[in-house]
Amino acid sequence: MNTIGQWIVSALAIAITSYLLPGAQVTMIGALVVTVVLALLNTFIKPIIFVLTLPITILTIGLFTLVINALLVMLAASIVPGFAIDGFWTALFFAIILSLINMFFGVSSSQKSKHV
C-alpha cells in the first residue's frame with residue numbers, strides 16, 4: 001500500500017476512534033491533518049523521546065511507550081484545530097484503540113514494500 005493509501009486508512013481509523021471514544025472529537029478534515037501531524041511526530045519526535053526515556057521504558061517492560069504515544073496524541077490535539085482530546089486518559093485510550101484499528105487494517109509506519 002502506498003503512503004497516500006496508508007494515510008487515508010489512518011484518517012479513517014482516527015475518525016472511527018474518535019467516534020468510539022466519547023472524550024475525543026475530530027472533523028473529517030481534521031482527521032486527515034491529524035494523520036499527517038502524527039506521522040511527522042512519530043517520525044521526528046518519537047525516536048528522540050524514546051531514546052531519552054529508554055531506562056524507564058526498560059524498567060516498565062515497554063509499557064511507558066503507551067505514555068509516549070498518549071503524549072504525542074495530546075501534542076497533536078494542541079496543534080490541529082479540528083481535533084480535541086479531553087485529557088491524558090482519553091489520549092491513552094485513543095492511542096491504544098488507534099493502534100488496534102491500524103493493526104487490524106494492516107497499516108504500519110515501518111511497513112516495507114513487498115515488491116522484489
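Predicted model: local features only at pLDDT ≥ 70, side-chain atom pairs only at ≥ 80, totals over all residues.
## Helix α2

The buried residues of α2 are G30, A31, V34, T35, V37, L38 and L41. An α-helix has 3.6 residues a turn, so residues three or four places apart point the same way. The partners against which the buried residues of α2 pack are the helices α1 (3–20), α4 (64–79) and α5 (88–105), together with the strands β1 (24–26) and β2 (83–85).

## T17 in helix α1

T17 belongs to helix α1, and it counts as buried because its relative accessible area is 0%, where the limit is under 20%. The side chain of T17 reaches the backbone oxygen of A13 at a distance of 2.7 Å.

When residues up to four places away in sequence are left out, T17 touches F94, I97, L98 and I101.

## G87 between β2 and α5

G87 sits in the loop that lies between β2 and α5, and with a relative accessibility of 21% this glycine counts as partly exposed. Although G87 and G23 are 64 residues apart along the chain, their C-alpha atoms are separated by 7.8 Å.

Conventions. Residues numbered from 1 in each chain as written. Heavy atoms only, no water. Buried < 20%, exposed > 50% of the residue type's maximum accessible area, 1.4 Å probe, protein only. Helix = DSSP H or I, 4+ residues; strand = E, 2+ residues; numbered from the N terminus. Contact = heavy atoms within 4.5 Å. Polar contact = N/O pair within 3.5 Å; in protein donor to acceptor, adjacent residues only side chain to side chain.
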